[in-house]
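Hi everyone, thanks for coming.

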Amino acid sequence: MIIELAENYGFCFGVKRAIKKAEQIQNAATIGELIHNPAEINRLQQNFNVKTLKDIRALSDEKKAIIRTHGITKGDLAELRKKDIEIIDATCPFVTKPQQICEKMSAEGYDVVIFGDENHPEVKGVKSYVSTRAFVVLDESELEGIKLPSKIAVVSQTTKKPELFAKIVSFLLLRCKEVRVFNTICDATFKNQDAILKLSQKSDVMIIVGGKNSANTKQLFLISKANCEHSYLIETEKELEKAWFEGKKHCGVSAGASTPDWIIKNVVARIREFG
Ligand code: SF4
């Protein structure tokens, strides 16, 4: 069986940057999970004494707080700044960008449409920077029946699909006089998505490695599943099952933007054993 890695996969710029900061700082607490990968979070805790707190309310006597890649809300940041604690901001610059856009557009009187998942920490953070009305939607149908203003700004959660973002933009263009569009979808997501699309079309089994709570990993899995019925989403090599590979000729492997290389290597080694 051939095992082929996607042309682009795994750690993105924002995650590499956050992990580097955490390793350098050490003995710190992250506000929310630094990245969406339980095994890597565990490694940071074991080797660098970087622990994960649910939110700023869980802080007690910590001296250093690291803000996760997805950022935190404007209110939480203000609270954190009032505390006697060193703040290390590991928010990905691609996430800071929509936060800044929302703040600026609201200040100029624009309501804001955010294409994203209302419960995702990144979206909660971005939305908190809107001081006018914010509409968080997963598709344009959620805007039906809402009395929209004449001028509106639109941003996207970084991991969303550009085609769906374009549909929301078209919907708004037909209804509002002025639509300010900011494509805040991240490059890393595009590259990993393009690569898995190609690979899943020629593979008869696909393994996608990443946190099951990671939005971009789930997205990769969905793209793969649409082309390759035998697509599996796993967090570590321990979840692999021999039966998945029986009679298969081409195994594609990809990984979400918060999956470290050491996990991917373990997965490939285990598949080789099966092959
Ligand atoms: S996927 Fe993109 S936005 Fe998210 S952390 Fe990575 S580089 Fe930043």
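Let me start with a question: what does Glu-23 count as at 25% relative accessibility? Glu-23 counts as partly exposed, and that label has cut-offs: buried means under 20% relative accessible area, exposed over 50%, and partly exposed in between, with a 1.4 Å probe and protein chains only.

A quick word on the ground rules. This is a predicted model, where local features need pLDDT of at least 70 and side-chain atom pairs count only at pLDDT 80 or more, while totals for chains, interfaces and linings use all residues. Residues are numbered from 1 along each chain as its sequence is written, and side-chain values use heavy atoms, leaving out hydrogens and water.

OK, charged pairs. Side chains of opposite charge can pair when their charged atoms come close. We call it a salt bridge when a side-chain nitrogen of Lys or Arg is within 4 Å of a carboxyl oxygen of Asp or Glu. The structure has 13 of them.

Take Arg-43 and Glu-23: their closest N and O atoms are 2.6 Å apart. Arg-43 sits in helix H2 (residues 38-48) and Glu-23 in helix H1 (residues 13-25), so the pair links distant parts of the chain, 20 residues apart. Helices here are DSSP runs of H or I with at least four residues, strands are runs of E with at least two, and both are numbered from the N terminus.

Next up, Lys-74 and Glu-103, which meet at 2.7 Å, N to O. Lys-74 is partly exposed at 37% relative accessibility, and Glu-103 is partly exposed at 34%.

Now the sheet. Two strands pair if DSSP finds at least two bridges between them.

Zoom in on strand E2 (residues 28-31) and strand E4 (residues 64-67): three bridges join them. Thr-30, for one, has Ile-66 in E4 as its bridge partner.
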